[in-house]
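Here is a short tour of one protein model, written for someone new to reading structures. Keep the picture open and look for each part as it comes up.

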Amino acid sequence: MLRFFSLSSGSCGNCYYLGTEDNGIIIDAGVSLKQLKKVFQAYNVGIDTIQGIFVTHDHLDHIRALGSFCKRLFKPVYTTEAIHDALLRHSFTSSAIGPFGRVIPEGGTVELPGFSVRCFTVPHDATQTVGYSIDAHGHRFVIMTDVGRMTEEALEEAVSADTLVIESNYDIDMLMAGPYPYELKMRIVQGCGHLSNDECASALKRSAHPGLKNIFLCHLSENNNTPERAFAASSAALSEAGVPKGTVQLRCLPRACPSPVFFL
């Protein structure tokens, strides 16, 4: 059985696990190795089952502990050539990632025991940002954590998923009425920042399909959103799309602490 959990999902750090009793993968490395080991022990997940670490982009909240993971776990790190080049120059990763780097050709696929992982690009103001479409044990799991705007490619990936992890970062009214400087607000909303609740809801409305079973809303802002607002927007969109109640499990991932283990 495939299980999924988030160790953290927000600007304080991002890290996700997908796997079975025998093998699994990590997506992003924004939590400490100590925290990773603590959560894995609590959830009865063996560190030695990790087959690789997949990186979405080079912002610090996604790679803060990547150097430590490389030095202590000795696991391959998969991402695109552009992101690898950025990691080789980044002060948090440059001294550790070299021997562990594995390049995924853009649009290419990585085959690991039990997992087939394909990357796709999304707009965000990093060196480059990718989402991942993962075929594993009869499931298609799609994750896009930082998305400035939805593209047709991203929507096509969402339409193919039975489990979708998608950003629902901010409520537009909270953001605009909040204390952020004008320049930061514009960075967030102008297409290469983050996905709002309304934009996420619109994407779900367009991509809902009979095979969709699980939606996890991720990367919620601490200052410009609440789980209740994010959930309400996406729930309304699914209703408007005609999704029967109870057929899709919709959940918000916690920002700064581990989620429960979800069995997919």
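## The sheet and its edges

In this predicted model, R3 sits opposite F263 of strand β14. As background, the strands of a sheet pair through backbone hydrogen bonds, in either a parallel or an antiparallel way.

Now step back to see the whole sheet. It is open, has seven strands, and reads β6-β5-β4-β3-β2-β1-β14 from one side to the other, with mixed pairing. Which strands stand at the edges? They are β6 (101–103) and β14 (262–263); each has a single partner strand, so one side of each is left without a neighbour in the sheet.

## Helices to find next

Helix α4, made of residues 81–89, lies across β5 (77–79) and β6. Its direction makes an angle of about 130 degrees with β5.

Helix α3 spans residues 66–73, and its buried residues are L66, G67, F69, C70 and L73. What do these buried residues pack against? Their partners are the helices α1 (33–42), α2 (60–63) and α4, together with the strands β4 (50–54) and β5.

## The largest pocket

Rolling a probe the size of a water molecule over the atoms shows where empty space is left. The largest pocket holds about 270 Å³ of space. It is lined by 18 residues, and the closest to its centre are S11, N169, R187, H194 and H219.

Helix α7 (residues 182–189) gives the largest share of this lining, with three residues. By type, the lining of the largest pocket has four nonpolar, nine polar and five charged residues.

## The second largest pocket

The second largest pocket contains about 170 Å³ of space. Among the residues lining it are F231, S235, P244, K245 and L250. Here the lining divides into six nonpolar residues, five polar and one charged.

Where does this lining come from? Helix α9 (227–240) and strand β13 (249–252) each supply at least two residues. The largest share, four residues, comes from α9.

Technical notes
Residues are numbered from 1 along each chain as its sequence is written. This is a predicted model: local features need pLDDT of at least 70, side-chain atom pairs count only at pLDDT 80 or more; totals for chains, interfaces and linings use all residues. Side-chain values use heavy atoms; hydrogens and water are left out. Two strands pair if DSSP finds at least two bridges between them. Contact means heavy atoms within 4.5 Å. Axes are lines fitted to C-alpha atoms, for helices over the stretch in contact, and angles run from 0 to 180 degrees between N-to-C directions. On a 1 Å grid over the protein atoms alone, a cavity is a set of points where a 1.4 Å probe fits but cannot get out, and a pocket is an open set with protein on both sides within 12 Å along at least five of seven lines; lining residues have an atom within 4 Å of a point. Grid points are joined across faces, edges and corners, and a volume is the space filled by probe spheres set on the points. Ala, Val, Leu, Ile, Met, Phe, Trp, Tyr, Cys and Pro count as nonpolar, Asp, Glu, Lys and Arg as charged, and the others, Gly among them, as polar. Buried means under 20% relative accessible area, exposed over 50%, partly exposed in between (1.4 Å probe, protein chains only).
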